[in-house]
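Look at the sequence and the structure below. The briefing that follows goes through the surface, a strand, the nonpolar cores and a loop.

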Amino acid sequence: MAGFEHARAVADAILYEGYLLYPYRRSSGKNRVRWQFGVLVPPAWAEAHGLDDTGVAGSAEASWQQTECLVEAPEDAVVHGRVRFLQVQKKTVEQRCADGSHAEVDSLDAGARTECAFDEAVPQEFDFHFRLADVVAGERRFAVRTPGGEDREPIAGAAGRTVRRRRPLAAAVTVSAVRCGTAEPLTRIRVRIDNTGAATPPDASRDEALRDSLLACHVLLNTADGSFVSLLDPPDRAERAAGECRNVHTFPVLAGAAGERRTVLSSPILLYDHPRVAPESPGDLHDATEIDEILSLRTLTLTDEEKREARGTDPRAARIVDRTESLPPETFARLHGAVRSLRPVPASTAAAPASRWSPGDAEPGGIVVDGVTVVQGSRVRLRPRAHGTDPHDRFLDGRTARVEAVLHDVDDAVHLAVTLDDDPAAELNQWYGRFRYFAPDEIEPLPSGPVPAVGDDR
């Protein structure tokens with residue numbers, strides 16, 4: 001539904017977080033233990049591996065998760081929900097024999113790729129809705145059923161085929177609610193998701209149990225009839241009620257555009273309110289907290305043989321490799337990063353000189369330090385603070401630099417973007433926009449003309 005569209009990009013990143021990590025090959029050690037977030041295993045398997053009814057003892061993987069959140073809405077308000085998860089799809093590779101039959105093999109050479117046996121996953125969604133008055137009166141239970149199946153497909157460029165098999169999944173969504181007893185119409189909603197499958201024996205391996213599990217499970221809630229309340233920063237009127245919310249294996253945050261409160265995303269990965277994917281990101285790399293530029297550059301360093309294996313491991317891995325190899329220079333330049341909290345210093349009336357500096361002591365685009373106006377192009381000596389600064393900056397004490405920009409952040413703190421005079425990569429950093437940042441009280445203005453040598457305390 002339309003209310004979930006703003007949150008979809010972040011929800012998709014959660015769905016595939018850690019799905020397959022760089023170097024995107026099956027043989028990589030980090031890709032041999034997968035599915036780390038939001039795993040709801042079968043209840044019998046969870047019980048056999050040490051989980052009690054609280055879901056916090058023994059294994060980190062439970063058979064259920066619980067979301068509790070607050071909504072300000074009238075009794076007849078309707079809330080729409082969507083449960084999303086991945087279903088394991090086991091891909092096997094079969095080679096065609098001389099007699100026309102097929103035999104399972106670990107991999108097959110398929111020209112541009114090496115087709116490998118692998119556990120893929122299929123995204124699943126289940127929508128439900130309820131009236132607040134109905135779930136206050138009594139809990140409602142929704143059955144979730146995901147069918148199994150088998151698909152066979154010939155492998156282009158090889159004498160063989162892939163066979164993809166999925167087991168049916170069974171789960172339940174239970175919704176209840178209570179009024180919070182506040183002056184405002186505040187209601188605490190509880191959404192519990194249970195894996196109800198009974199096909200997995202307690203002594204099964206984890207890989208077998210995962211085939212009957214809900215993976216990266218999370219839930220979205222939306223209402224057009226009210227507003228959700230932030231549990232991270234609740235208003236005073238809802239602070240006590242927010243503290244009474246009990247979230248297990250997941251946590252709800254406000255989703256959608258900044259300031260919008262009609263949608264909640266309850267995620268197994270901790271997020272801030274109104275999370276978003278960086279607009280510079282050209283596509284999912286299955287690691288939303290990593291730096292796209294680094295992962296893309298690393299992907300380009302893979303050998304041709306490694307790329308063959310990555311492409312044959314999983315279709316999503318193949319798309320990552322293909323996309324990275326075809327990124328145009330302007331897209332790569334955007335991946336270098338963006339500083340969203342800084343903006344140019346506005347023109348203002350210069351105030352009386354201060355012994356060091358003052359935000360008011362500024363001329364257009366500059367700042368006054370020790371009675372000297374520092375602007376773009378000024379030369380300064382770096383004097384980083386001994387405490388409360390980046391430890392790496394301490395190594396630059398006494399070095400000279402050129403000011404590239406004078407900037408304000410959202411809190412009106414001033415930052416000087418500088419390039420080191422003796423940095424052999426200075427021109428490249430200027431072209432990229434990669435600068436070092438210092439506060440006005442961490443620099444000494446230098447006179448125009450030749451830059452004094454390091455150690456000269458003039």
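**An exposed tryptophan**

Trp431 has a relative accessibility of 66%, so it counts as exposed (over 50% relative accessible area; buried is under 20%, and partly exposed lies in between, with a 1.4 Å probe and protein chains only). This is a predicted model, in which local features need pLDDT of at least 70 and side-chain atom pairs count only at pLDDT 80 or more, while totals for chains, interfaces and linings use all residues. Residues are numbered from 1 along each chain as its sequence is written, and side-chain values use heavy atoms, with hydrogens and water left out.

**Surface**

- Trp431 sits in helix α10, residues 426-432 (helices are DSSP runs of H or I with at least four residues, strands are runs of E with at least two, and both are numbered from the N terminus).
- Leu428, Trp431 and Tyr432 make a nonpolar surface patch of about 380 Å².
- Such a patch joins nonpolar side chains (Val, Leu, Ile, Met, Phe, Trp, Tyr) within 5 Å, from residues with over 30% relative accessible area and no salt bridge; a salt bridge is a side-chain nitrogen of Lys or Arg within 4 Å of a carboxyl oxygen of Asp or Glu.
- Accessible areas come from the Shrake-Rupley method with a 1.4 Å probe.

**Strand β12**

- Nine of the nine residues of β12 (residues 215-223) are buried, so the strand is largely enclosed by the rest of the structure.
- β12 pairs with β2 (residues 78-96) in the antiparallel sense over seven bridges; strands pair if DSSP finds at least two bridges between them.
- Within that pairing, Leu220 of β12 is the bridge partner of Arg82.
- β12 also pairs with β15 (residues 263-267), in the antiparallel sense over four bridges, and Leu221 has Val264 of β15 as its bridge partner.

**Nonpolar cores**

- The largest nonpolar core has 30 residues, and Leu221 is one of those with the most contacts inside it.
- A core is a set of buried Ala, Val, Leu, Ile, Met, Phe, Trp, Tyr and Cys residues joined through side-chain atoms within 4.5 Å.
- β10 (169-179) gives the largest share of this core, five residues.
- Leu221 touches residues including Phe4, Phe128, Val191 and Phe228, not counting residues up to four places away in sequence; contact means heavy atoms within 4.5 Å.
- A second, separate core of 27 residues includes Tyr19, Tyr22, Ala46 and Leu215.

**Pro275**

- Pro275 lies in the loop between β15 and α6 (292-300) and is buried, at 17% relative accessible area.
- Pro275 touches Val10, Val253 and Leu254, not counting residues up to four places away in sequence.
- Pro275 and Gly256 are 19 residues apart in sequence, and their C-alpha atoms are 7.7 Å apart in space.

Note on methods. Patches are made of residues with over 30% relative accessible area and no salt bridge: like charges are joined within 9 Å, nonpolar side chains (Val, Leu, Ile, Met, Phe, Trp, Tyr) within 5 Å.
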